[in-house]
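Okay, everyone, thanks for coming. Let me put the model up and then walk you through a few spots in it.

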Amino acid sequence: MSGLSPLVRSFVGHFGEMGSRWGINRTVGQIYALIYVSPEPLNADQIAEKLEFSRSNVSMGLKELQAWRLVRLRHFGGDRREYFDAPADAWEVFRTLAQERRRREIEPTLSMLRNALLEEPADAADRIALERMRGMHDLIELMLGWFDEIQRLDAATLARLMKMGAQVQRLLDIGEKVKSVAVAKR
């Protein structure tokens with residue numbers, strides 16, 4: 001990795017290694033990491049030089065990152081090259097990734113489940129299968145409703161909510177105890 005500080009080299013290398021676990025290849029992970037930490041937009045030639053990748057690998061990686069909406073295309077007056085940058089706000093990146101995973105993975109599954117639930121079971125095994133699919137459908141619908149609510153929160157509120165962690169469970173437990181007392185008094 002030509003001309004990168006040890007700090008940036010470490011970050012870029014790690015993102016490359018983690019990429020395969022996140023469903024992207026190593027090259028795409030490294031390209032994204034470099035763009036993310038870069039103080040200014042980079043063009044494909046700069047990326048190829050810094051990462052010592054072929055220009056064609058960089059071009060393919062940039063197309064994938066654009067499809068995921070993780071990088072933005074920039075143009076500068078007097079320069080015909082395309083430059084790329086990434087949102088610096090980690091919350092924005094998280095939201096974009098969550099929206100894209102929903103669109104690519106969850107919604108097709110939900111659509112398939114909806115269609116399956118319209119089918120009449122042919123036998124007892126199909127009834128069991130449909131019952132389990134309904135449970136999966138209902139869970140996904142519940143999660144999507146929660147996801148939609150979370151997406152509407154600003155970053156500061158979302159951070160506070162996440163920091164609450166176990167306090168939310170204690171609050172829910174107190175709510176259940178209050179409800180139990182109210183029911184017992186009736």
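**Rings, sheet, helices and loops**

Let's begin in helix H1, residues 6–19, where Phe-11 and Phe-15 both sit, 4 residues apart, or about one turn of the helix. Helices here are DSSP runs of H or I with at least four residues, strands are E runs of at least two, and both are numbered from the N terminus. Before I go on, this is a predicted model: local features need pLDDT of at least 70, side-chain atom pairs count only at pLDDT 80 or more, and totals for chains, interfaces and linings use all residues. Residues are numbered from 1 along each chain as its sequence is written, and side-chain values use heavy atoms, with hydrogens and water left out.

So, how are Phe-11 and Phe-15 arranged as an aromatic pair? The pair is tilted, with 4.7 Å centre to centre and 45 degrees between the planes. For the terms: rings of Phe, Tyr and Trp (its six-membered ring) pair if their centres lie within 6.5 Å, and planes under 30 degrees apart are stacked, over 60 edge-to-face, and the rest tilted. Phe-15 is buried at 17% relative accessible area, while Phe-11 is partly exposed at 26%. Buried means under 20%, exposed over 50%, and partly exposed in between, using a 1.4 Å probe and protein chains only.

Ring pairs link Phe-11, Phe-15, Trp-22, Tyr-32 and Tyr-36 into a cluster, and the structure holds 7 aromatic pairs. Elsewhere, Arg-104 lies over the face of Trp-68, 4.0 Å from the ring centre. We call that a charge over a ring if NZ of Lys or CZ of Arg is within 6 Å of the ring centre and within 35 degrees of the ring normal.

On to the sheet. It is open, with 3 strands in the order E1-E3-E2 and antiparallel pairing. Strand E1 (42–43) and strand E2 (72–76) are at the edges with a single partner strand each, so one side of each has no neighbour in the sheet. Two strands pair if DSSP finds at least two bridges between them. E2 and strand E3 (residues 79–85) are joined by 4 bridges, and one of the bridge partners in E3 is Phe-84, which goes with Leu-73. E2 and E3 make a hairpin with 2 residues between them, and Gly-78 in the turn has a positive phi of about 80 degrees.

Which residues other than glycine have positive phi? Among them are Glu-52, at about 60 degrees, and Arg-69, near 60 degrees. Glu-52 is in the loop between helix H3 (44–51) and helix H4 (55–67), and is exposed at 55%. Arg-69 sits in the loop between H4 and E2, and is partly exposed at 43%.

The axes of helix H5 (residues 90–117) and helix H6 (residues 124–151) come within 10 Å and cross at roughly 150 degrees. That makes H5 roughly antiparallel to H6. Axes are lines fitted to C-alpha atoms, for helices over the stretch in contact, with angles from 0 to 180 degrees between N-to-C directions. Under 35 degrees is roughly parallel, over 145 roughly antiparallel, 65 to 115 roughly perpendicular, and the rest oblique. In the loop between H5 and H6 you'll find Glu-119, which is exposed at 52%.
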